[in-house]
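We'll go from the whole chain down to single residues, one stop at a time.

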Amino acid sequence: MSIWSCPVCGENLLKREKSLVCKKNHSFDYARSGYVNLLPVSRKKTKLPGDNALMINARRSFLSRDFYKPMSDSLCNVVDTFMPYGGVLFDAGCGEGYYTKNVYQSLSDSDKNAEIYGVDISKYAADAAAKSCRTAKFAVGSVFHIPVIDNSCDVLMSLFAPYCGDEFRRVLKPNGKMILVIPGRRHLWGLKKAIYSAPYENNVQDYKLSGFEFLGTEKVDYEIILKSADDIQNLFTMTPYYYKTGIQEHMRLKSLSELSTEVSFEILKYRKKE
Ligand SMILES: [Zn+2]
């Protein structure tokens, strides 16, 4: 049985041939790549919400070069300690599935029986994720109205994605764990210095979140060196700066053939409070 729920009526969805169907016969077809679209048209604010194909391709190219592998490895360790016997993991805002895939791999390497679900508002993201990790289940959906049933997930992770505490609590089992990954203060400092004449450090949010017990944070800081204009462009395209800067900043970055930058992540750990 899957934990997917019908985005129209909330009933559990069951697999029937190439579709997911609820008791009331609302039916959702699988796309050829293997994801299912569980975003009702009424919840779409634009025709194609979320990251577009350009952003998803840039992310996929950049992440496939494993510049963020050290962070991913730390994330996998946290997931491993949170799922000693396997269980159900939900990736809220999974993007193109790089971390989802690594987490799946790490859990199966340690012989854990894990089911992994991921949702993203972008159909390009869900499509790319489904292609990169056939063993996880992906859907187009909103993290503000997660299409999974109540109390169904052992662990929920949200990486650089929108936060919705009430929904995250709803889908987590009692005592379920939550992992948030946020940028640290000096994340991409070298990139920002190359773009802006007076860059600012990131604000790091208050760790306390209502409804959750804070268990601690793991900081992952290191330096990456990008040695090609493609890598630099792909990284830039993944960031909000890409859309917030003008043509001059874009040109300045285009002329670079090498860029060295700090990367800085915080992996925040929580337990659902009853
Ligand atoms: Zn239904």
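Here is a tour in stops, each with something to select and something to look for.

**Before you click**

What you have is a predicted model, in which local features need pLDDT of at least 70, side-chain atom pairs count only at pLDDT 80 or more, and totals for chains, interfaces and linings use all residues. Residues are numbered from 1 along each chain as its sequence is written.

**The whole chain**

Start with a cartoon view: the protein has nine helices and eleven strands. Helices (H or I, at least four residues) and strands (E, at least two) are DSSP runs, numbered from the N terminus. The radius of gyration is 19 Å, close to the 19 Å from the globule rule for 274 residues, so the protein is as compact as a globular protein of that length. That radius is taken over C-alpha atoms, and the rule is 2.2 Å times the number of residues to the power 0.38.

Buried residues come to 42% of the 274. A residue is buried if 20 or more other C-beta atoms lie within 10 Å of its own, exposed if 12 or fewer, and partly exposed in between, with C-beta atoms placed from the backbone.

**The sheet**

Now colour the strands. Eight of them form an open sheet in the order E4-E7-E6-E5-E8-E9-E11-E10, with mixed pairing. Which strands sit at the edges? They are E4 (36–37) and E10 (212–226), each pairing on one side only. Two strands pair if DSSP finds at least two bridges between them.

Select 87–92 next, which is E5. This strand is mostly covered, with five of its six residues buried. E5 runs parallel to E6, joined by six bridges, and Ala92 stands opposite Val119 in E6. E5 also pairs in the parallel sense with E8 (residues 153–159), over three bridges; there, Asp91 has Met157 as its bridge partner.

H2 (residues 69–82) touches E5, E8, E9 (172–183), E10 and E11 (259–272), and its direction makes about 155 degrees with that of E10. H3 (residues 98–109) touches E5, E6 (114–120) and E8, at about 175 degrees to E6. Axes here are lines fitted to C-alpha atoms, for helices over the stretch in contact, and angles run from 0 to 180 degrees between N-to-C directions.

Trace E5, H3 and E6 in turn: they make a right-handed β-α-β unit. Right-handed means that, with the strands pointing away from the viewer, the path from the first strand over the helix to the second runs clockwise.

**Across to the other strands**

Move on to E8 and E9, which run parallel and are joined by six bridges. Met157 has Ile179 in E9 as its bridge partner. The chain gets from E8 to E9 through H5 (residues 165–171), in a β-α-β crossover that is right-handed. E9 then pairs with E11 in the antiparallel sense over seven bridges, and Val181 stands opposite Ile267 in E11.

Select Cys94, in the loop between E5 and H3. Is Cys94 buried or exposed? Buried, because 30 other C-beta atoms lie within 10 Å. Beyond four places in sequence, its contacts include Gly118, Asp120, Ala125 and Ala129. Two residues are in contact if their C-beta atoms, placed from the backbone, lie within 7 Å.

Step across to Ala129. Among the residues that Ala129 touches, again leaving aside those up to four places away, are Tyr35, Cys94, Thr100 and Phe138. Ala129 is also one of the residues touching the most other members of the largest nonpolar core, which has 79 residues. Such a core is a set of buried Ala, Val, Leu, Ile, Met, Phe, Trp, Tyr and Cys residues joined through C-beta atoms within 7 Å.

Finish on Asp127, in H4 (residues 123–132). Asp127 counts as buried because it has 22 C-beta neighbours inside 10 Å. Show Ala31, Ser33 and Tyr35 as well: Asp127 touches these, not counting residues up to four places away in sequence.
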